[in-house]
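Here's a quick walk through a few spots worth a look. Have the viewer open and follow along.

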Amino acid sequence: MATETTRQRRELGAVALGIPLVLLAFIVFVVWVFPPLFELFWNGMEQLFNEHWLVSSSFLQHGFTAGVLIGFTAPVVGSYLVNRQMALIGEALAHTAFGGVAIGLFVGASIPVLNYPLLWALVVAAIAALGMQYIAVNTDGYADIPIAIMLTGGFAVGIAVISYGVVFSATVESYLFGDILFVPFENVQLMVGLTLLVGLVVGLTHKQLKFITFDREAARLARINVWLYDTLLIVLTALVVVAAMQILGAILVAGMLVIPVAAAMQVTNSFNRGMLISIVFGQIAVIGGILSSYYLGIATGPMIILVAIGIYLLAIVR
Amino acid sequence: MKTAIDIENVSFAYNEQPVIRNVSMTIESGDFLGLIGPNGSGKTTLLKIMLGLQLPDSGSVELFGTPANEFAEGTRLGYVSQHSTDADSMMRVTVREVVEMGRYPHAGLRRLTDKDHQIIDDALKTVEIEEYADRRISNLSGGQRQRAYIARALASEADLLALDEPTVGVDADVVDQFYELLTELNAEGITIVLIEHDIAKVSEYAETMACLDGELYEHSATSEFLKSGALERAFSSARAVSSRSVTRGD
């Protein structure tokens, strides 16, 4: 394992001390500060749009908020993944997260205290992410082998658990295909927390993640702890995937990680600018997808992905 | 003079195929070493072992007096490799962003400062690619791209620069300019270790030369080296074994 300079160690130490404090601040924000802000914002929107049903339905308020958060986190993390040829890792993690949801629903049905499927998804996806990282480091083989194994394995676990237990198929479907009308407020809060976490971690480690993405060997030579940052990225991916799964569904999640980034790559030569543009594209896809899905009466998840692909095609032919 | 790299009795095998056998050599700080040898002679492997990117099976390696695998001052090392990576050709990243990476290990988790940006500008200027700073790295010619990687090493304030056949695919008329640049950097005190297939060219610029073919054939000042007959010995032994399967990992 490559060591880092003592100054960097000290910085990491400061970060380690800061983590509990920052997490505490996040929890305070998510639990006490965010709900009134949310109220305030949507009341304002209702006034602005004259009580239009699109902004006054609490389902859609939840959905829009969740979507905007996904439109930020997914392209940010996707920017690193795409350039590491790991575009499909999000898909694999989404499928294992689906397995986690199934386990959560199963356990939650008999033990109501544990009835938080999304938290189960988070835990299972994070474990799967670490497992994938372990396999990638400790075996030699093509990079898509662990991805294929996790993708099918996670799904197999999910379906096996569902077929064994008694689970409402509507609930299962909402995680499989995504359902914007099915985002309870506590899930919105969870997503705010995840978004803050992703934003903070990427804000701090963007330089290292970018360096390793571009030139692993040079990063190793500069004695950057490549293993640590690889692990960090894959865990971040798991968090983003779980957050995005509610809107897009396990099957479509990877699209949001990849397509806005691919479109942004067509219009700029700079990695940093590409990341910013991919966030803009992500927001257009989410908001455009939600609006068009309501005016056309088509499911939201697929519309978001189709709008994103539309942006990508425009970026190519431009 | 201080020692930059000191390796002793280093051996290394890929899948039980010996690539490097019992190599010992010392590279002084401020040296300009040309490392040559036939294909598959283990030059790249030896270079990676020197930099601590690869652990030898046996023997010891010291970088500036510290065992290479414990050497933590990564910013003192610069490496310009032979191949362009996938990300190199596909990733949208500008020349300036690549050179900025040289400052990242200095910056750690904090933002780049004005001083960092000044150093980056200076590095771009030194290798004369300021005008391409906002171009995509893959849109540069081979020679310009290698300059960008050297600029990255300069930005990290490396005092050891290792180059692995940097002039492969570079236009012949640019190669001399490239070597002039290396000579200037060397004159400023940067230690240079250069793997090069063009023996005539490298002997024009390098202060010392070494010849490797699994084992070290000769390591001496360039003028002595050319008289020593090491080249003939190394390259004729390579011809003798070329009927066998060539080891991988040149």
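Predicted model: local features only at pLDDT ≥ 70, side-chain atom pairs only at ≥ 80, totals over all residues.

Let's start with A:Gln246, which sits in helix α10 (residues 226-248) of chain A. Is A:Gln246 buried or exposed? With a relative accessible area of 2%, A:Gln246 counts as buried, because the cut-off for that label is under 20%. A polar atom of its side chain lies 3.3 Å from the backbone oxygen of A:Ala243. Beyond its neighbours within four places in sequence, A:Gln246 is in contact with several residues, among them A:Leu118, A:Ser174, A:Asp179 and A:Met191.

Now for the surface. A:Leu24, A:Ile27, A:Val28, A:Val31, A:Trp32, A:Val33, A:Leu37 and A:Leu40 make up a nonpolar patch there, and together they have about 780 Å² of accessible area. One of these patch residues, A:Val28, belongs to helix α1 (residues 6-48) of chain A. A:Val28 is partly exposed, at 38% relative accessible area.

Over in chain B, B:Asn22 has a positive phi despite not being glycine, and so does B:Phe64. B:Asn22 is placed in strand β2 (residues 17-28), while B:Phe64 is in the loop between β4 (58-63) and β5 (66-67). Here are the two of them:

| Residue | Phi | Relative accessible area | Label |

How values were computed: Residues numbered from 1 in each chain as written. Chains lettered and ligands numbered in written order. Heavy atoms only, no water. Helix = DSSP H or I, 4+ residues; strand = E, 2+ residues; numbered from the N terminus. Buried < 20%, exposed > 50% of the residue type's maximum accessible area, 1.4 Å probe, protein only. Polar contact = N/O pair within 3.5 Å; in protein donor to acceptor, adjacent residues only side chain to side chain. Contact = heavy atoms within 4.5 Å. Patch = residues over 30% accessible without salt bridge, like charges linked within 9 Å, V, L, I, M, F, W, Y side chains within 5 Å. Areas by Shrake-Rupley, 256 points an atom, 1.4 Å probe, with all protein chains shown as cover. Salt bridge = Lys/Arg side-chain N within 4 Å of Asp/Glu carboxyl O.
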